[in-house]
Amino acid sequence: MITIIDYGLGNLGSIKNMLKRIGVKSEVTSSETKILKAKKIILPGVGAYDTAMRRLKELDLIKTLNKKALEDKIPIMGVCLGMQLLLESSEEGTEKGLGWIEGSCYKFKFKENTELKIPHMGWNFVFEKQSNSIIKNFENFKFYFVHSYHAKVKNENNKLLVAKYGYEFDCAVAKENIYGFQFHPEKSHKFGMQLFQNFAKI
Amino acid sequence: MALKRVIPTLLLKDSTLVKTIKFNKFQYVGDPANTVKIFNELEVDELCFLDITATNENREPNYKVLKEIAEESFMPLSYGGGIKSFEQVKSILNMGFEKVVINTSSLAQPGLIAKISSYFGSQSIIGSIDIKSNWFGKKVVHTNSGKVHTDITALDLAKKLEQEGVGEILITSIDKDGTWKGYDLDLIKEINDVVSVPIIANGGCGSIEDIRNVFSIKGVQAAGVGSMVVFQKQGMGVLINYPQKEIDNIRDA
């Protein structure tokens with residue numbers, strides 16, 4: 001059973017649908033009691049950094065999430081904005097992130113006269129920086145991205161996957177039981193299914 | 001770089017899929033949710049659904065069908081047709097669509113695009129322009145699924161859409177729609193020169209060559225395909241298909 005955190009931001013239905021397709025049970029909840037019992041957590045998210053952190057505070061979920069991530073050490077996966085929240089901060093806002101992984105998020109910056117648009121939207125290939133069971137069987141994998149800010153982790157050993165858009169950026173991060181993915185696996189066909197399958201098996 | 005996308009643009013007539021020629025002669029194609037299942041298997045980049053009768057019948061988007069589509073789809077989705085209000089947009093995005101497509105309402109509902117863009121972000125909105133040549137050969141914007149002609153030029157509307165905050169512009173040539181004769185490259189180039197938002201070229205695609213040609217225009221980030229992915233060949237029966245390998249060969253990695 002995977003517990004998907006519902007804090008009013010993001011496309012929870014699509015994640016649930018894909019998990020259902022690969023035969024993994026999931027629940028969508030914002031209940032503290034249920035989250036405390038969770039064996040695996042997905043933290044989704046679409047929208048603004050500050051809005052997301054404030055929602056988590058309003059729902060009084062930060063303490064619970066900290067306990068699950070840092071004490072119980074259950075597998076936790078942040079997706080899209082949910083990944084950015086795992087880091088310490090973002091140029092997008094003033095709120096602090098969850099800070100489980102050292103690093104911050106920065107807006108894409110390109111040289112003038114570039115044809116590159118912001119947000120970065122579309123399919124990109126991803127490249128492995130280190131092996132990890134969560135990205136097992138990833139070969140020529142591409143994912144669907146939509147984002148204007150990108151992660152930059154402090155420690156090289158938290159870097160899992162990178163993608164190129166103007167320059168190389170961290171698109172997947174990991175630290176022990178904590179994983180984060182910038183792209184949308186739930187909208188990335190078999191590539192996303194493989195990722196969720198790997199997460200389910202951890 | 002993000003890969004250039006090839007997007008099936010699928011036409012809904014309320015609850016069924018159809019395909020048109022020059023925005024007329026509706027031919028039945030199939031059931032939307034089943035078609036999504038096939039496009040999942042074919043690993044399509046993205047799907048665009050356009051309900052071409054909603055506006056003219058003055059009805060709501062068919063939420064029941066949209067829900068079925070969203071539940072089946074493991075790829076990004078956009079929807080257009082009959083959207084007049086912010087509330088409708090909210091419902092559609094909450095269902096699991098990434099983007100909405102605004103055409104008639106870009107002129108009929110001033111301020112709607114700006115509102116959607118500032119609330120959900122520009123990436124959530126595609127401005128759509130349908131263009132047809134008039135008696136004098138001048139290309140002008142049509143709204144209401146081609147039924148209403150305006151005296152606005154495509155260039156002016158494209159600039160307006162960009163200013164109001166769309167994230168992409170879908171350009172459809174009514175003259176080319178369903179003809180398999182290739183995109184209106186001059187039109188696409190002309191519009192691409194005056195805006196910096198990415199362009200989705202649409203109308204007339206009949207072969208991989210056509211896609212290659214339109215991708216050679218810088219700024220064209222995506223190509224809409226219709227007849228080619230729903231019919232076996234021109235004039236032949238329905239066959240949902242997507243030449244993934246050929247597409248991979250012609251786009252930038």
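The model is predicted, so local features need pLDDT of at least 70 and side-chain atom pairs count only at pLDDT 80 or more, while totals for chains, interfaces and linings use all residues. Residues are numbered from 1 along each chain as its sequence is written, chains are lettered from A and ligands numbered from 1 in the order in which they are written, and side-chain values use heavy atoms, with hydrogens and water left out.

Keep Cys80(A) selected and display its backbone. Its phi is near 60 degrees, a positive value in a residue other than glycine. Cys80(A) belongs to the loop between strand 4 (76–79) and helix 5 (81–84) of chain A; helices (H or I, at least four residues) and strands (E, at least two) are DSSP runs, numbered from the N terminus.

Asp60(A) is found in the loop between helix 3 (49–58) and helix 4 (62–71) of chain A.

Then select Ile118(A) and Pro119(A), which are joined by a cis peptide bond with omega of about 0 degrees. Pro119(A) sits in the loop between strand 6 (103–107) and strand 7 (120–125) of chain A. For context, most residues other than glycine have a negative phi, and most peptide bonds are trans.

Now turn to chain B, which contains 10 helices and 12 strands. The radius of gyration of chain B, taken over C-alpha atoms, is 16 Å, close to the 18 Å that the globule rule gives for 253 residues, so chain B is as compact as a globular protein of that length (the rule is 2.2 Å times the number of residues to the power 0.38). Its C-alpha trace spans about 40 × 40 × 40 Å along the principal axes. Of the 253 residues, 60% count as buried.

Beyond its neighbours within four places in sequence, Ile211(B) is in contact (heavy atoms within 4.5 Å) with residues including Val6(B), Tyr183(B) and Ile250(B).

Notes:
Buried means under 20% relative accessible area, exposed over 50%, partly exposed in between (1.4 Å probe, protein chains only).
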